[in-house]
Amino acid sequence: MAAPELTLALPRALAAFQAHLAGERRLSPRTLDAYARDLHGFAEFLAGHLGTEPDLGDVQDLRPSDYRAWMADRRRSGLSARSLAREMSALRTFLAYAKRRWQVDATALALVESPRITRSKPKPVSEAGARDLIEETQECEVEDWVAARDRAVLTLLYGCGLRVSEALGLTGADRPLGEVLRMTGKGSKTRIVPVLPAVRDAVERYAALVPFTLEPGEPLFRGVRGGALGARAVQALMQSLRERLGLAPSATPHALRHAFATHLLAHGGDLRSIQELLGHASLSTTQIYADVETARLMSVYDKAHPRAGSRG
């Protein structure tokens with residue numbers, strides 16, 4: 001006879017899991033919605049697959065072939081490999097919770113490989129493109145302090161390799177900027193980032209012009225009404241600038257962080273140091289910038305070397 005916990009209907013177990021994510025882990029509403037959507041889809045498939053509303057006992061009895069049938073169904077519905085990998089991650093998180101709370105021993109999923117995901121290569125802007133983007137902020141028809149703010153933000157992204165969220169997370173307490181910034185990024189990983197004089201100067205020029213008081217606990221970068229400058233505003237700025245300059249749609253705010261890494265590498269920086277500056281947990285994540293730089297150099301070679309056409 002199944003343990004009482006295993007007779008709990010899967011929808012009720014998923015509801016308890018959502019409450020755990022919201023209450024104890026305090027995940028954002030968007031993340032909660034993603035978990036609910038992914039796991040509801042799995043529960044729907046399982047009901048059709050088994051011909052009955054599943055309970056935790058049914059989940060415990062699943063075999064690798066059942067999970068593969070679910071994966072095949074999701075791919076037939078048009079789901080990408082990346083999205084399926086995300087759904088599998090959500091399911092693994094739920095099963096780990098179910099094991100802790102209800103002693104559900106669902107080990108079959110561990111025997112199923114996640115779909116292979118081809119990592120997309122970063123698309124940094126060129127050195128000239130990065131310089132032009134920053135300089136073009138001064139040509140926009142906006143108030144002087146707004147132009148100075150935009151220049152300061154883009155200079156931080158390119159000069160320090162910051163994520164947009166990190167730059168916009170700075171407060172009045174962070175200025176005047178010193179020779180280094182202590183940043184806490186993804187996974188609560190803290191890193192030390194050197195600050196170039198050009199970055200400090202850009203931020204101080206903005207601070208001298210901004211019409212709002214930059215209190216220590218308040219955002220450093222402000223919108224036109226005084227509130228915190230948002231990521232969407234920075235994205236809109238980059239879209240406007242790249243259209244003015246005729247740059248590709250890949251010239252996004254994050255492309256300046258990519259440019260920071262690839263340009264350091266091109267000028268002799270080593271991967272380990274760049275890994276530390278970017279705050280990557282794994283060197284393999286940083287390695288992709290070496291691949292980008294190698295591809296760029298080979299492209300230059302093919303275009304410029306008189307014997308390139310005979311290579312082979």
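I looked up Arg149 and found it buried, at 8% relative accessibility; buried stands for under 20% relative accessible area, exposed for over 50%, and partly exposed for what lies in between, with a 1.4 Å probe and protein chains only. Asp150 is likewise buried, at 8% relative accessibility. The side chains of Arg149 and Asp150 form a salt bridge, with 2.9 Å from N to O. I also noted a network: Arg163, Glu166 and Arg191 are joined by salt bridges that share partners.

On the source: I am working from a predicted model, in which local features need pLDDT of at least 70 and side-chain atom pairs count only at pLDDT 80 or more, while totals for chains, interfaces and linings use all residues. Residues are numbered from 1 along each chain as its sequence is written, and side-chain values use heavy atoms, with hydrogens and water left out.

**Salt bridges**

I count a salt bridge where a side-chain nitrogen of Lys or Arg is within 4 Å of a carboxyl oxygen of Asp or Glu. The structure has 10 of them.

I then took the pair Arg151 and Glu135, whose closest N and O atoms are 3.0 Å apart. Arg151 sits in helix H7 (residues 144–160) and Glu135 in helix H6 (residues 127–136), so that the bridge links distant parts of the chain, 16 residues apart. For helices (H or I, at least four residues) and strands (E, at least two) I use DSSP runs, numbered from the N terminus. Both ends are partly exposed: Arg151 has 24% relative accessibility, and Glu135 has a relative accessible area of 39%.

Asp73 and Arg76 form another salt bridge, at 3.9 Å from N to O. Here both partners belong to helix H4 (residues 64–76), 3 residues apart, about one turn of the helix. An α-helix has 3.6 residues a turn, so residues three or four places apart point the same way. I find Asp73 partly exposed at 30% relative accessibility and Arg76 exposed at a relative accessible area of 63%.

**Second largest pocket**

What is the volume of the second largest pocket? I have about 360 Å³, a volume being the space filled by probe spheres set on grid points that are joined across faces, edges and corners. A pocket here is an open set of points on a 1 Å grid over the protein atoms alone, with protein on both sides within 12 Å along at least five of seven lines, and a lining residue has an atom within 4 Å of a point.

The lining has 16 residues, and Ile134, Tyr158, Gly159, Leu196 and Ala198 are those nearest the centre. H6, H7, helix H9 (197–209) and helix H11 (253–266) each give two or more residues to this lining. By type I note 8 nonpolar, 4 polar and 4 charged residues; Ala, Val, Leu, Ile, Met, Phe, Trp, Tyr, Cys and Pro count as nonpolar, Asp, Glu, Lys and Arg as charged, and the others, Gly among them, as polar.

Helix H1 (residues 10–23) has 14 residues and should span 20 Å at 1.5 Å a residue; its end C-alpha atoms are 20 Å apart, which agrees. The expected span is 1.5 Å times one less than the number of residues. Its buried residues are Leu10, Ala13, Leu14, Ala16, Phe17, His20 and Leu21. Down the axis of H1 they fall within an arc of 160°, so they line one face of the helix; I take the arc from the directions between the helix axis and the C-beta atoms.

I repeated this for H2, where 22 residues should span 32 Å and the end C-alpha atoms are 31 Å apart, in agreement. Leu32, Ala34, Tyr35, Asp38, Leu39, Phe42, Ala43, Phe45 and Leu46 are buried. They fall within an arc of 165° seen down the axis of H2, so these too line one face. On the other side of H2, the exposed residues are Pro29, Arg30, Arg37, Glu44 and Gly48.

**Backbone notes**

Which residues does a cis peptide bond join? I find Arg175 and Pro176, with omega about 0°. Pro176 lies in the loop between helix H8 (164–168) and strand S1 (180–184).

Arg26 has a positive phi, near 55°, and is not a glycine. Arg26 is in the loop between H1 and helix H2 (29–50) and is exposed, with a relative accessible area of 70%. Gln103, also not a glycine, has a positive phi of about 60°. I place Gln103 in the loop between helix H5 (81–102) and H6, where it is partly exposed at 48% relative accessibility.

Conventions. On a 1 Å grid over the protein atoms alone, a cavity is a set of points where a 1.4 Å probe fits but cannot get out, and a pocket is an open set with protein on both sides within 12 Å along at least five of seven lines; lining residues have an atom within 4 Å of a point.
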